[in-house]
Amino acid sequence: MPENRIVITGAGVASAIGLGHQDFFAAFLRGDSGVRSLADRDDDGPTPPEGHENDGLWIGAPIVGFDGKQFVKPRKALKVMSREIQLAYVASMMAIEDAGLDSVFPAVESDADSTASEADSVSFAPKDIGTVFGSEMLYGPPTELAEAFQKCLDEDGSMDESRFGEAAMRSVMPLWMLKYLPNMPACHVGIAINAHGPNNTLVLGDTSGPAALDEAISCLTRGIATCMISGAAGTRINATRLNYRNDLPIAETTTNIAKASRPFDPTAKGVVGGEGAAVFVLECLDAALQRGAKPIAEVVAMTSRFVASEGMQLVKRTCDITTPGIRGSAAAIKLAVSDAMRKANLKADDIGMVVSHAMGDPVIDIQERQALQSCLPNVPVVTPIATLGHTGAASGSIEILVGVLALKHKQIPPSLKFDGSQTTEPVVCEAQPLQKSHLLCLSHTSEGAAIATVLAEV
């Protein structure tokens with residue numbers, strides 16, 4: 001447990017059920033679902049061919065109605081922002097406003113550099129502000145490179161890779177790569193708020209966001225920053241990501257699309273993709289109170305552990321659902337949970353709720369089920385992926401956000417109830433009061449990484 005108590009003073013989210021944490025949590029309490037046919041998406045992503053709307057491949061949780069032009073300043077920055085970067089930027093600005101720092105960290109309105117006099121007028125020097133984000137491979141639409149690839153074809157239609165360099169130089173926008181570098185969310189947010197402090201990006205699959213949060217806390221406890229912006233953005237429904245699905249099984253075709261994402265349901269056959277971003281403002285408790293902030297939640301303990309899954313040991317990536325243990329690691333989850341509880345000096349009876357990372361992959365979900373039954377039996381469980389789909393690198397941050405908001409509102413939000421569900425977990429299907437002051441958020445990967453985060457009321 002760190003000597004300095006670390007608190008979250010602001011939170012922002014962009015999700016399929018709402019922008020901003022108030023709308024997001026209200027939708028969660030109502031039991032809304034963000035899962036729908038990808039025919040409903042209004043970005044430039046792929047949509048299903050006619051007659052395939054209910055196919056599991058074409059079911060997801062897109063953010064509908066989002067327009068980066070309404071949020072990103074200056075607008076010309078959009079030309080070097082992929083959709084994931086835009087979502088991270090928007091969630092960051094919401095978190096900064098929520099923390100009461102929007103006048104302290106104004107988003108850049110023009111290309112003019114921030115002056116020393118501007119920095120001197122605020123309570124944070126630029127060197128004391130940092131940004132650490134979780135991220136992933138950011139894939140653009142294949143159409144952006146189509147012309148370059150076409151120029152590499154011989155007369156017989158075969159590919160001559162040696163032509164690609166010259167073809168790309170002539171056909172691809174010069175700033176193309178800047179749109180898709182994983183470290184650009186932290187970069188853009190840092191530039192916008194004139195943060196000269198620690199800037200880092202962690203790419204660790206589903207645990208990317210919690211790992212970034214842990215790194216941000218380390219910056220505060222080491223005294224190299226006094227305010228940290230940390231979160232993650234991700235997607236599993238852009239064109240390139242949809243084309244690669246060999247790491248997780250695909251959800252079944254269904255007529256009940258809103259309930260197609262079925263964590264902990266042993267009859268589920270696969271994972272529904274989504275997109276989103278969640279971001280937090282972190283400060284030491286004493287400093288936050290001194291500036292008049294009202295903390296939302298305290299981060300009491302975080303523990304990261306790794307025990308390789310069987311698939312990792314075999315160096316085999318597969319979406320097979322018939323081989324137990326090929327994805328996920330109950331051992332890593334148990335270690336992360338038990339060590340986080342030990343660091344927080346808590347017992348199972350002290351935990352009022354678990355925010356689960358179960359996702360509808362029966363192979364991975366059973367690993368978490370075994371770990372929870374061992375470490376936290378009968379503790380109420382909430383499954384955000386049932387509502388939002390799997391949001392890639394953003395999933396762990398979104399799960400922590402659900403925990404933060406549950407503490408703020410003293411409510412356990414419901415998980416979507418599946419028709420004919422056979423789950424044996426204590427999954428909460430109706431909103432109910434949160435009776436205890438501590439909860440635990442889980443995030444883990446198919447390879448065998450796991451991070452457990454203990455949150456508390458302040």
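Trainee: At what angle do helix α7 and helix α14 pack?

Mentor: Axes are lines fitted to C-alpha atoms, for helices over the stretch in contact, and angles run from 0 to 180 degrees between N-to-C directions. Helices are DSSP runs (H or I, at least four residues), numbered from the N terminus. Here α7 (residues 208–221) and α14 (residues 395–409) pack at about 70°, their axes being 5 Å apart. Therefore α7 is roughly perpendicular to α14, a class that covers 65 to 115 degrees. This is a predicted model: local features need pLDDT of at least 70, side-chain atom pairs count only at pLDDT 80 or more, and totals for chains, interfaces and linings use all residues. Residues are numbered from 1 along each chain as its sequence is written, and side-chain values use heavy atoms, with hydrogens and water left out.

Trainee: Which residues of α7 and α14 meet?

Mentor: Contact means heavy atoms within 4.5 Å. Gly209, Pro210 and Leu213 of α7 meet Gly396, Ser397 and Ile400 of α14.

Trainee: Is Arg83 buried or exposed?

Mentor: Buried means under 20% relative accessible area, exposed over 50%, and partly exposed in between (1.4 Å probe, protein chains only). Arg83, in helix α2 (residues 83–98), counts as buried because its relative accessibility is 19%. Leaving aside residues up to four places away in sequence, Arg83 touches Asp43, Ile63, Phe66 and Glu275.

Trainee: How does Phe149 compare with those cut-offs?

Mentor: Phe149 lies in helix α4 (residues 143–150), and its relative accessible area of 39% makes Phe149 partly exposed.

Note on methods: Helix = DSSP H or I, 4+ residues; strand = E, 2+ residues; numbered from the N terminus. Parallel < 35°, antiparallel > 145°, perpendicular 65-115°, else oblique.
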